Amino acid sequence: MQFVLIGFSDFPNLQGFLHAVFSVVYIIILVGNFLIILITSMDPALQKPMYFFLANFSSLEICYVSVTVPRILFNLEKQDRSISLMSCATQLCFFLIFGTTECLLLTVMSYDRYVAICNPLHYPLVMNTKRCTHMVAVSWLGGIPVQIGQTYQIFSMPFCNSNQIDHFFCDIPPILKLACGDTSVHELSVYLVVSMVVAFPFILVLTSYSKIIATILGLPTTKGRAKAFSTCSSHLLVVLLFYGSATITYLRPKSMHSPGTDKLFSLFYAIVIPLLNPLIYTLRNKEVTAALRKLIFQIRDLYRHRSLLFF
């Protein structure tokens, strides 16, 4: 069976422009996140659990956008929007797995900030290398069985309404619209899984940050409060952006779904947020900014040295 991704076919005169925009965005996401991985692995000042998690988060963002954007670029360039059932299922499965990993990793990162701010004396003991590695491994692997099962359940349904997916990638809401008969059981399953992998981690994040904020407000000096908040403000902003858009997309009632709004929210959490994340973590984090500036100076000095040797 073949599906057809409608994507941005409503704008036939803008296909070339959209291809250029998505290409530039994709390159920026790849370069930005790769730079974060590079500086967190090379700079001695960033050899901390916080930046170990950030490097994994950047690796995840590269994987996350690579599930959707290359296919969008292919469709815009070739004007061939057909996709096989197996390819569609594979895309959805990896998209859901990486989405689950992001939810879990954001939760782990909030726990790291909670321990650092609320229990600083115990931080080296609690957030040791072994525990950090275990938490990251669970984040990467924890969603695999759940999302493989969910993908199998979705694509085991008979499709007879149409083969046209009114979206730019294979996502749950537009695929459910193509299914025959009553899909209420499948929709309930989606709500339960989303509640487990999105809502529950989000509650844990909110719990961590409620305690973090209470601790920060209890600090005796304004400078101390500002410094403590600066270490977690970037992460809090990313959490609000990601969880907010994902919750609206998957937990709102079916009656509120429409192709236009589904595309808009999906575009936001699948592409725009990964684009903003490197900017948020570099511009709002003095240590990352300093490490990035240091790397740029090293590259510049190396280039000058090689130029002098060449001439």
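Author: A residue is buried when its relative accessible area is under 20%, exposed when it is over 50%, and partly exposed in between, with a 1.4 Å probe and protein chains only. By that rule, 46% of the 311 residues of the protein chain count as buried. The model is predicted: local features need pLDDT of at least 70, side-chain atom pairs count only at pLDDT 80 or more, and totals for chains, interfaces and linings use all residues. Residues are numbered from 1 along each chain as its sequence is written, and side-chain values use heavy atoms, leaving out hydrogens and water.

Reader: Why does Asp 112 count as buried?

Author: Its relative accessibility is 1%. The cut-off is under 20%, so Asp 112 is buried.

Reader: What makes Arg 113 buried or exposed?

Author: Arg 113 has a relative accessibility of 7%, so it too falls under 20% and counts as buried.

Reader: Why is the pair Asp 112 and Arg 113 called a salt bridge?

Author: A salt bridge needs a side-chain nitrogen of Lys or Arg within 4 Å of a carboxyl oxygen of Asp or Glu. The closest N and O atoms of this pair are 2.9 Å apart, so the pair meets the rule. The count by this rule is 1 salt bridge. In general, side chains of opposite charge can pair when their charged atoms come close.

Reader: What share of the contacts with a separation of 6 or more joins residues 24 or more positions apart?

Author: The share is 79% in the protein chain, where contact means heavy atoms within 4.5 Å.
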